[in-house]
Amino acid sequence: MREAFDVAIVGAGPAGISAAHVLAGKGIKTIVLERGEYPGSKNISGGVLYGHDLAEVIPDFMERKCPVERNIVESRLWYLSKSGGYSVGFRDQAFYDKLPFNAFTVGRARFDRWFAEQAVEKGALVVCGTVATDLLRDGSNRVIGVRTDRADGDIEAKVVLLADGVNSALAAKTGFRSEPKPRDVALAVKDVIELPEEMINERFNVETGHGVTIEIVGEVTGGMDGIAVIYTNRQSLSVCIGANLSDLMKNKVKPYEMLEEFKSHPMVFPLIKGGKPKEYMAHWVAEGGYDTIPELCGDGYLIAGDSGMLFNALHREGSNMAMASGRCAAQAIMQALDRGDFSRGGLESYVSALQGSYVMNDLKKYRGFNTFRLQHHELFTTLPGLASHAAREMLMVDGVPKKEKQKAIWKRIRQEMSPLKIARLLWAGWRSVK
């Protein structure tokens, strides 16, 4: 027998649970289907979350014992060659005092489970170990529910919210979103390395409860369009590196080998030295940007989070956009329930809300950034090498006059990358993010 709900949500990640929390809090009969053993079971390692969007859903999340690892008080950017590199950081007192926290690290397995529990307290039903295999449709092709792999029947719903990630199991079968092209996704691998809390505090110059994020670009990705990150957890570091899937396929690089090489870099190794590998994982990242976003609503359904390719590749923001889109979806669903109109037109207010939010504004602003990176691999090859060479030569005290060093540096720059080409690169980069 089919069981009927007002709303069926596929995926118990930040987007799906944000929507479920809002809907259930208004007394709307809501079910969340999660294919993992429990929410977060597929997200075994740490990541960064943002306080603003979580507080929009749960204003008192700190009082409700949200499992925060560390409050981020400093953000660093590294630009690395193979043997060295540059480091820029920013720390401000506002990040210490601000509540809710601006950004903080969490273990996703713990956080997702906690987040789902908050939605359950509001009245949502979260069913785990359940795979949504298809969408149910009526004679007019409107979505009216979800087919699952459970033996106890399909689930009818007035509206279905699809929030099961960039590698959505439903995407290929139902056609609600085309499969992402290799150039539009990245494959990232991550190690969680266990270290004593006091050692992390000392190595990153923070006090207990405070942390640092490091975002890293340059030659560490082997000339491919990619990025690496290091996040501080309470008693571990999340060390991650990834590259565009099309580049990985072209270069036939094994991601775990890239990760091992990254961990041996002279700026990385001192931070993880003596650590014990605890977890390893790989995951897709939706990097295609604004031009890869599918139709976000249709007759009887909406799409949120990574399923909708809502990810800011430049600022590495995804969880906040997932929460914002889930909340906007919930508000649109409530309006549709009030009117009894579950058509595309009845759900269109979701798209309008996103268009008026920072989510679409930021994605529009950076819509050319993905293409810029893929067209300029010198960002990950020639340029970091030249930048490190210039700094190394000027800082090396070896009896050579600085004027001679400057001449040698400019000679090498002209040989490998002319000043005109560098100027054109900077101009193209500016246009992609202005």
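The model is predicted, so local features need pLDDT of at least 70 and side-chain atom pairs pLDDT 80 or more, while totals for chains, interfaces and linings use all residues. Residues are numbered from 1 along each chain as its sequence is written, and side-chain values use heavy atoms, leaving out hydrogens and water.

**Threonine 30**
- Threonine 30 counts as buried because its relative accessibility is 2%, and buried means under 20% relative accessible area with a 1.4 Å probe, protein chains only.
- A polar atom of the threonine 30 side chain lies 2.9 Å from the backbone oxygen of isoleucine 28.
- Not counting residues up to four places away in sequence, threonine 30 touches Phe5, Val7, Ile9, Ala20, Leu23, Ala24, Ala124 and Leu125; contact means heavy atoms within 4.5 Å.

**Helix α4**
- The 15 residues of α4 (residues 108-122) should span 21 Å at 1.5 Å a residue, and the end C-alpha atoms are 21 Å apart, which agrees; the expected span is 1.5 Å times one less than the number of residues.
- Buried residues of α4 include Phe111, Trp114, Phe115 and Gln118.
- Glycine 123 follows α4 and has a positive phi, near 120°.

**Largest cavity**
- The largest cavity holds about 90 Å³ of space.
- Of its 14 lining residues, Gly289, Phe311, Ala313, Tyr366 and Phe369 are the closest to the centre.
- Helix α14 gives the largest share of the lining, three residues.

Terms used. Helices (H or I, at least four residues) and strands (E, at least two) are DSSP runs, numbered from the N terminus. Buried means under 20% relative accessible area, exposed over 50%, partly exposed in between (1.4 Å probe, protein chains only). A polar contact is a pair of N or O atoms within 3.5 Å; within protein, one must be able to donate a hydrogen and the other to accept it, and residues adjacent in sequence count only if both atoms are side-chain atoms. On a 1 Å grid over the protein atoms alone, a cavity is a set of points where a 1.4 Å probe fits but cannot get out, and a pocket is an open set with protein on both sides within 12 Å along at least five of seven lines; lining residues have an atom within 4 Å of a point. Grid points are joined across faces, edges and corners, and a volume is the space filled by probe spheres set on the points.
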